Each structure stands twice: as structure tokens, then as C-alpha cells.
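Subject: Structure handover

Hello,

Here is the structure you asked about. My notes on it follow below.

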Amino acid sequence: MMNDPMTTAKAHANLALVKYFGKRDVPLNLPAAGSLSLTLAPLTTTTAVAFDEALKEDEIVLNDAPASAAFAKRTRRFLDLVRDRAGVRSGCRVRTSNNFPTAAGLASSASGFAALALAATRAAGLALTEPELSALARRGSGSASRSVPGGIVVWHEGRAADGSDSFAQSILDHSQWDICVVVGIASEEKKAVGSTAAMTRTATTSPYYPAWIDACRRDLALAQDAVVDRNFTALGEIAERSALSMHAAALAADPGIVFWTGTTVEGIHLARTLRKRGVEAYFTCDAGPQPKLVCLSKDVDAVKNALETLGGVLRTITCRLAGPASLV
Ligand code: DP6
């Protein structure tokens with residue numbers, strides 16, 4: 001039984017339109033280039049934290065069951081960052097759950113470390129600014145920096161060696177644009193190569209890696225302009241080519257990294273067919289096979305119906321923009 005109250009925070013998953021795929025500093029998760037993402041509802045991680053001097057060891061529960069050794073280790077290492085910063089030495093109780101399947105290919109590590117960063121810093125008596133919190137969440141997983149702010153988010157490449165200027169910031173509030181994402185669940189299997197390892201292999205062996213990083217910088221600037229202008233066509237075209245370029249760089253690694261299945265490729269063609277029919281949908285995809293189609297809310301039913309009839313798509317999840325990580 002616990003007597004001490006727990007501090008609870010929630011954070012949403014995010015989907016990159018200009019992808020992060022390469023680091024300039026691996027231990028600090030500093031990106032080789034900036035990225036741009038959508039913070040997405042309803043995909044949420046809720047995390048409760050309490051520091052307790054009576055605890056000899058951290059106690060970590062994921063989705064109502066004791067966490068795996070790998071998950072617990074990653075969580076403990078992150079808690080150590082918070083303990084160091086707050087001068088706290090006690091053990092920690094963490095209870096975390098996701099309202100979406102890990103297999104959705106919507107990196108639960110992003111919403112997970114964002115929620116943990118907020119709950120753990122508050123439980124340890126720290127009150128960080130949003131940029132500080134984002135930079136801290138980044139240490140858990142790079143993309144977690146982008147799940148701290150809401151709406152449309154830019155994660156800055158930064159220059160500082162300590163990473164203090166590599167944090168994410170909202171450039172548009174979630175209420176300001178009705179962008180939607182329909183995620184096609186193509187496979188519930190665990191991905192063959194994790195994103196961290198895939199990035200390292202691509203950076204060290206793909207002949208296209210330098211060109212990919214140059215493209216990220218160009219696309220980030222153009223995507224920011226498209227958001228300011230609310231130009232969905234421009235943003236969608238940038239998103240589709242950023243995803244295809246990232247995968248092209250990974251495909252050219254040695255050995256080649258193929259996240260796609262036939263269903264993923266069908267998803268690319270589907271987006272193009274829909275556009276020919278006047279439904280503005282753009283393809284994107286991350287370190288897994290799930291095809292994700294970005295559209296405006298007026299087209300979401302057409303996109304969902306089309307994706308659900310695609311061979312190999314088991315079901316879909318429809319998402320819209322969400323607000324920032326917050327205390328519950
Ligand atoms: C393909 O943030 O999961 O989803 O920083 O090594 O934890 P680490 O990687 P992670 O990478 C996400 C990669 C991506 C593209 C993106 O979200 O920008």
C-alpha cells in the first residue's frame with residue numbers, strides 16, 4: 001500500500017512530418033538536423049510517479065504489470081537524470097500506461113518519456129520551463145522532446161555541446177488547424193530493427209546519409225513556412241518526400257534497412273490515387289511498416305474508408321492535433 005500521493009502527468013504521441021533520423025551526439029540524443037511534428041490525440045501515455053525513501057529499488061509498472069528488464073533499465077537511467085538534477089536520492093515508484101498499442105508504430109517512447117519527465121521532475125520538487133522539460137525528455141528518446149509541446153512542433157537542431165538549445169517548441173496551437181492523421185495498422189509484430197540502431201547504421205554506412213541530412217534542413221525551413229501560411233498542399237508534399245527520403249537513406253544502408261511491407265508500398269500508391277480523385281492525402285511512415293495518411297478533417301472519412309479497404313490493413317486509428325504534456 002502507498003500513503004504518499006503520486007504526481008501524475010499525461011503526454012501525447014507525435015508524428016514527424018519532417019523526420020528525425022540521425023544524431024550528432026548519441027548519448028545526449030542531439031539530432032543531426034531539426035524536425036517538425038504533429039502532437040496527436042487520442043494517443044496518450046499517463047504516468048504517475050512518487051519518490052519514496054523506504055524504497056530500495058525503483059518500482060516500475062507498465063500497463064498494470066511489472067515492466068520488462070529493458071524497459072525498467074531505460075526508465076531507471078532517466079530517473080537518475082532527474083535525481084541528479086533535484087539532489088534526490090530515494091527510490092521511485094512509477095506507474096505508466098498507454099491507451100494505444102505499442103504496435104501502432106507511434107513510438108510510445110515519445111509520449112512515455114515526455115509524461116515521465118513532467119511527472120518525475122514535479123514529484124522531485126523541480127519546476128522546469130517547457131524548453132527545459134523538452135530537452136530533458138529528449139535524453140530518454142529524441143522524439144520525446146517533441147511530445148512536450150502541443151499542436152505543430154519544431155525540435156531545434158541546436159548548437160550547444162551540452163544540448164541545452166536542442167529542445168522542441170510549438171509553432172501552432174492544436175486548435176488552430178484541423179489536420180488529421182489516419183494510421184493504418186499493418187502488422188502487430190515487433191519491428192526488426194529499432195530506430196536508434198537503424199539511425200546509427202544509416203549514418204555510418206548509407207552513401208545517401210549526408211544528402212538526407214541536407215534535405216532535412218531544407219525541408220524544415222519550407223515546412224515552417226507552410227505552417228505559417230496554412231498551406232496544407234505544401235506541407236503534405238514536404239511530409240511525403242521527407243518520409244520517402246528517410247526510407248531511401250535507410251534502404252541504402254549496409255545491410256539495407258527495410259521497414260516496409262507490401263502494405264506500406266500500397267499505402268504510398270493509395271495516397272497518390274486519392275489525390276488524383278481530389279482527396280488530399282499524403283503518405284508518411286516511420287521505423288515500421290504502418291502507412292500513415294495525413295489529411296484535413298473534411299477528408300478524414302474518405303481517407304479512413306480507403307485505408308481500411310487496403311489489403312493487409314487490419315484496422316485504422318484516426319488522430320487529430322493535441323495539446324501539450326500536462327499534469328493530471
Ligand atoms: C523514424 O526518437 O525513437 O520515428 O532518439 O534513438 O530514441 P531515439 O530515436 P526515436 O526516433 C524516431 C525516429 C522516427 C522519425 C521521427 O519520429 O522523427
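Phe113 is buried, with a relative accessible area of 7%; buried means under 20%, exposed over 50%, and partly exposed in between, using a 1.4 Å probe and protein chains only. This is a predicted model, in which local features need pLDDT of at least 70 and side-chain atom pairs count only at pLDDT 80 or more, while totals for chains, interfaces and linings use all residues. Residues are numbered from 1 along each chain as its sequence is written, and side-chain values use heavy atoms, without hydrogens and water.

Four aromatic pairs turn up in the whole structure. Rings of Phe, Tyr and Trp (its six-membered ring) pair if their centres lie within 6.5 Å; planes under 30 degrees apart are stacked, over 60 edge-to-face, and the rest tilted. The ring centres of Tyr20 and Trp155 are 4.6 Å apart and the planes stand at 65°, so this pair is edge-to-face. Tyr20 is buried at 10% relative accessible area, and Trp155 is buried at 0%. For Phe78 and Phe113 the centres are 5.3 Å apart and the planes at 55°, so the pair is tilted. Phe78 is also buried, at 2%.

Now the ligand. Its shell has 16 residues, with Tyr20, Lys23, Ser141, Ser143 and Thr196 among the closest; a residue counts if one of its heavy atoms lies within 4 Å. Domain 1 (7–173) and domain 2 (179–321) both contribute to this shell, so the ligand lies between them; the bounds come from an automatic or database domain assignment.

Regards
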